[in-house]
Amino acid sequence: MLMKNYSRVNLAFKKGFGSILIDETRRDFVDFSSGIGVCSLGHGHKKLAKTISKQASNLLHTSNIYQITPQTKLAEKICKLLKSPYYLFFANSGAEANECAIKLAKKHGFKKGIKEVEIFSLSNSFHGRTMATLKLTGQDKFHPQDFAPYPQGFRFFDSIDEIITNLNDNTAAVFIELVQGEGGINPLDKKKVQNLAKILAQKDILLVTDEVQCGVYRTGEFVTSQIYDIEPDIITFAKGLGGGVAIGACASKEDIFEAGDHGSTFGGNFLASSAGLCVLDELQKLKNSGKLDKTIANFTKKLDKIAKKFPNLIEKRVGLGLMQGLVLKDNTNLNKIFENAIKFRVLILKSGKATLRFLPPLNISQKEINLGFKRLEKALSELK
Ligand SMILES: *Cc1c(COP(=O)(O)O)cnc(C)c1O
């Protein structure tokens with residue numbers, strides 16, 4: 001039996017190809033969710049399947065006490081795409097990538113002589129489900145007394161301005177999602193982020209961008225930091241990096257861990273690293289061919305059209321690249337639209353209190369986009 005920690009939809013998928021999923025009763029669904037931004041190459045991707053299968057028959061895992069060549073290669077590839085040298089640690093999830101970043105921030109603070117390290121984040125952020133990343137998450141509903149006590153030293157603020165005002169001698173790091181994924185698809189203001197980055201650099205406080213959801217080409221560039229023209233001290237990755245294989249990564253400008261400071265049994269093993277390498281190769285090709293930018297333009301156009309067609313339901317479109325949202329006028333419609341979309345066989349996600357979230361596979365075809373929006377339109381029409 002399974003724990004009841006998820007509120008699951010009564011749908012069971014069996015197969016997938018491209019951005020189409022087939023359930024056990026053979027109905028087809030258009031996937032505008034990619035398993036929460038994970039299946040960046042869609043489903044049943046031939047090259048990724050072949051890479052994984054070939055790696056599986058050679059070697060799945062050794063452990064990090066030995067050299068793992070695909071892991072080294074993946075680190076090099078990420079640095080190349082970041083256009084800057086970073087030191088990489090590989091984990092298995094977003095929360096674990098952030099845990100690594102928290103430890104790096106604490107050690108950075110300790111080395112500076114801070115006795116009681118503070119780490120700042122933003123309201124409506126989401127950083128994971130481990131005890132520390134839960135406390136780092138800037139939403140009180142994630143800190144119920146059921147799970148107390150929580151780790152100390154985490155403070156969250158309503159705005160970048162407030163973060164700047166509250167910086168003090170104990171602040172070791174500031175974590176931000178450049179586009180908040182769970183908090184309603186909120187892209188932060190570019191000027192404010194750049195100003196924050198400048199101030200933090202002056203004060204030797206680390207800027208950490210949690211790109212677990214918005215990274216790996218999701219918003220149109222390899223990392224959203226590139227769109228914001230900043231070079232964070234630490235960047236964390238996960239969701240889209242393995243195309244469905246569990247992987248997390250923490251990239252840091254500073255290499256301050258000693259041997260034994262941190263580790264992971266599975267992190268960056270042969271299977272996950274070779275999946276990551278294949279995903280990055282394929283996505284880089286998609287970007288360089290101009291296809292990704294074209295898909296983003298088309299998808300955005302479709303969303304704008306739908307927002308215009310249902311002004312009673314939709315307030316506005318928000319987001320960047322293929323990380324998009326439609327903010328609803330009335331948040332009581334959120335669940336209704338989510339369920340109606342399933343009825344008309346298009347899969348979308350919810351975000352925050354009133355936002356429909358769209359995270360389609362990055363290689364979604366025009367035909368799949370058209371079909372998905374046709375179905376979404378029907379789902380919305382029923383509520384109009
Ligand atoms: C999903 C997410 C996480 C947590 O990732 P897991 O792999 O579920 O641990 C952390 N940060 C952001 C921004 C996320 O979207």
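The structure is a predicted model, in which local features need pLDDT of at least 70 and side-chain atom pairs count only at pLDDT 80 or more, while totals for chains, interfaces and linings use all residues. Residues are numbered from 1 along each chain as its sequence is written, and side-chain values use heavy atoms, with hydrogens and water left out.

## Strands and sheets

Helices (H or I, at least four residues) and strands (E, at least two) are DSSP runs, numbered from the N terminus. Two strands are said to pair if DSSP finds at least two bridges between them. Strands of a sheet pair through backbone hydrogen bonds, either parallel or antiparallel.

β1 runs antiparallel to strand β2 (residues 20–23), and four bridges join the two. Within this pairing, K15 has I22 of β2 as its bridge partner.

Strand β5 (residues 118–122) is largely enclosed by the rest of the structure, because five of its five residues are buried. Here, buried means under 20% relative accessible area, exposed means over 50%, and partly exposed lies in between (1.4 Å probe, protein chains only). Both faces of β5 are covered, with E118, F120 and L122 buried on one side and I119 and S121 buried on the other. Strand β7 (residues 171–176) pairs with β5 in the parallel sense over three bridges, and T171 in β7 is the bridge partner of E118. Strand β6 (residues 154–157) also pairs with β5 in the parallel sense, over four bridges. In β6, R155 stands opposite F120.

Another strand, β4 (residues 87–91), contains F90. This residue, F90, is buried at 3% relative accessibility. The C-alpha atoms of F90 and V208 are separated by 16 Å, and the two residues are 118 residues apart along the chain.

## Salt bridges

Side chains of opposite charge can pair when their charged atoms come close. A salt bridge is counted where a side-chain nitrogen of Lys or Arg is within 4 Å of a carboxyl oxygen of Asp or Glu. The structure holds 17 salt bridges, and the table gives some of them.

| Pair | N to O distance |
|---|---|
| E282 and K47 | 3.1 Å |
| E282 and K285 | 3.0 Å |
| E377 and K309 | 2.5 Å |

E282 forms a salt bridge with K47. The pair links distant parts of the chain, with E282 in helix α9 (residues 270–288) and K47 in helix α2 (residues 46–58), 235 residues apart. E282 is buried, with a relative accessible area of 16%, whereas K47 is partly exposed at 44%.

E282 also meets K285 in a salt bridge. These two residues, E282 and K285, are separated by about one helical turn because they are three residues apart in helix α9. K285 is partly exposed, with a relative accessible area of 47%.

The side chains of E377 and K309 form a further salt bridge. E377 lies in helix α12 (residues 366–381) and K309 in helix α10 (residues 291–309), so the pair ties together parts that are 68 residues apart in sequence. E377 is partly exposed at 27% relative accessibility, and K309 is partly exposed at 44%.

## Backbone features

The peptide bond from A148 to P149 is cis, with omega near 0°. P149 is in the loop between α5 (131–136) and β6.

S34 is not a glycine, yet its phi is positive, at about 50°. S34 lies in helix α1 (residues 34–37) and is buried, with a relative accessible area of 0%. Y217, also a residue other than glycine, has a positive phi near 70°. The place of Y217 is in the loop between β10 and α8 (224–227), and Y217 is buried at 4% relative accessibility.
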